[in-house]
Amino acid sequence: MLERFSPLEMALIGTGFTFFMTAVGAATVFFVRDKVNPKTQHAFLGFAAGVMIAASVWSLLIPSIDMAEEQGITGWIPAGGGFVLGGLFLFVLDKVLPHLHPGSKTPEGLTSSLRRTTMLVFAVTLHNIPEGMAVGLSFGLAAVEQSPAGLAAALSLAIGMGLQNFPEGAAISLPLQKEGCSKFRSFVYGSLSGIVEPIAGVIGVVLAVSIQGIMPWMLAFAAGAMIYVVVEELIPESQSEGEHTHQGTMGTMAGFLIMMILDVALG
């Protein structure tokens, strides 16, 4: 199977699935009349955080170290360097891109005259950049190495990301409807918040394939960007107005456990 697809095509397949799951989640706006229960929302946010933490370790940092050592490089150098660069990249985007988190009244990023609905979409888009890059790189790596084990690991990562993208799609479409958008527009905008995943995945694979030896750095870069999102946004938002919640905590543990099992069992 692997020899039939290029790294770019494999990246599009993997990120296409995660984008699809975002769209499925956004479609809940047609069936849910009221806003999601806050406790359920906290559990979903915690689950996404747990998935991303586990994926950063097993799907990105460990393969980054292993690949660097196969290239004759000290493993922690690209892993650590890429991790820092990924975090800095998201830090800059967080400061520059105008965005508004669901439930928040104060926008973040540069001062802008953009509508609240647009800034709500941008908030979720920030999450999806490192997710798309991670999935795209994993599928691209499997194609480059022609590795069935690598493909299994990439599939497990896509499944994990897809599971947490479903509530993310709902988390943007439902608040958009509350802001006054029609159900159809809320669905479209919620779905489009995930279109950045295939874009980020393709860019990551193109860079990794074009520049020899950069793949370990790119894997760690995606890990650093995801951990930034987890610590900056997902975990704080999974707690209730600064207070600890069991739902957010248990969601994080469940997400971490499921992603770890998927990666170890399939990869």
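Q: What kind of crossing does α1 make as it passes α6?
A: In this predicted model, α1 passes α6 in a right-handed crossing.

Q: Why are α1 and α6 called roughly antiparallel to each other?
A: Look at the angle: the axes of helix α1 (residues 7-26) and helix α6 (residues 183-192) cross at roughly 155° and come within 8 Å. Angles over 145 degrees count as roughly antiparallel, so α1 and α6 are given that name.

Q: Which residues of α1 and α6 meet?
A: From α1 come F19, T22, A23 and A26, and they meet F187, G190 and S191 of α6. Sorted by class, this contact of α1 with α6 has 4 nonpolar and 3 polar residues, with no charged residues.

Q: Where do α4 and α5 meet, and which classes of residue are in the contact?
A: On the α4 side, the residues include L120, V124, H127, E131 and F139. Their partners in α5 include L151, L155, M161, E168 and L176. By class, the contact of α4 with α5 has 15 nonpolar, 7 polar and 2 charged residues.

Q: Which residues make the contact between α4 and α7?
A: Among them are I129, G132, M133, G136 and G140 of α4, with A200, G201, G204 and V205 of α7. This contact of α4 with α7 has 9 nonpolar, 7 polar and 2 charged residues.

Q: What lines the second largest pocket, and which element gives the most?
A: This pocket has a volume of about 370 Å³. Of its 20 lining residues, P63, L141, E145, G150 and A153 are the closest to the centre. The elements that give two or more residues to the lining are α2 (38-70), α4 and α5, and α2 gives the most, with 7 residues. By class, the lining divides into 11 nonpolar, 5 polar and 4 charged residues.

Definitions and conventions. Residues are numbered from 1 along each chain as its sequence is written. This is a predicted model: local features need pLDDT of at least 70, side-chain atom pairs count only at pLDDT 80 or more; totals for chains, interfaces and linings use all residues. Side-chain values use heavy atoms; hydrogens and water are left out. Contact means heavy atoms within 4.5 Å. Helices (H or I, at least four residues) and strands (E, at least two) are DSSP runs, numbered from the N terminus. Ala, Val, Leu, Ile, Met, Phe, Trp, Tyr, Cys and Pro count as nonpolar, Asp, Glu, Lys and Arg as charged, and the others, Gly among them, as polar. On a 1 Å grid over the protein atoms alone, a cavity is a set of points where a 1.4 Å probe fits but cannot get out, and a pocket is an open set with protein on both sides within 12 Å along at least five of seven lines; lining residues have an atom within 4 Å of a point. Grid points are joined across faces, edges and corners, and a volume is the space filled by probe spheres set on the points. Axes are lines fitted to C-alpha atoms, for helices over the stretch in contact, and angles run from 0 to 180 degrees between N-to-C directions. Angles under 35 degrees count as roughly parallel, over 145 as roughly antiparallel, 65 to 115 as roughly perpendicular and the rest as oblique. A crossing is left-handed if the near helix is turned anticlockwise from the far one by less than a right angle, and right-handed if clockwise.
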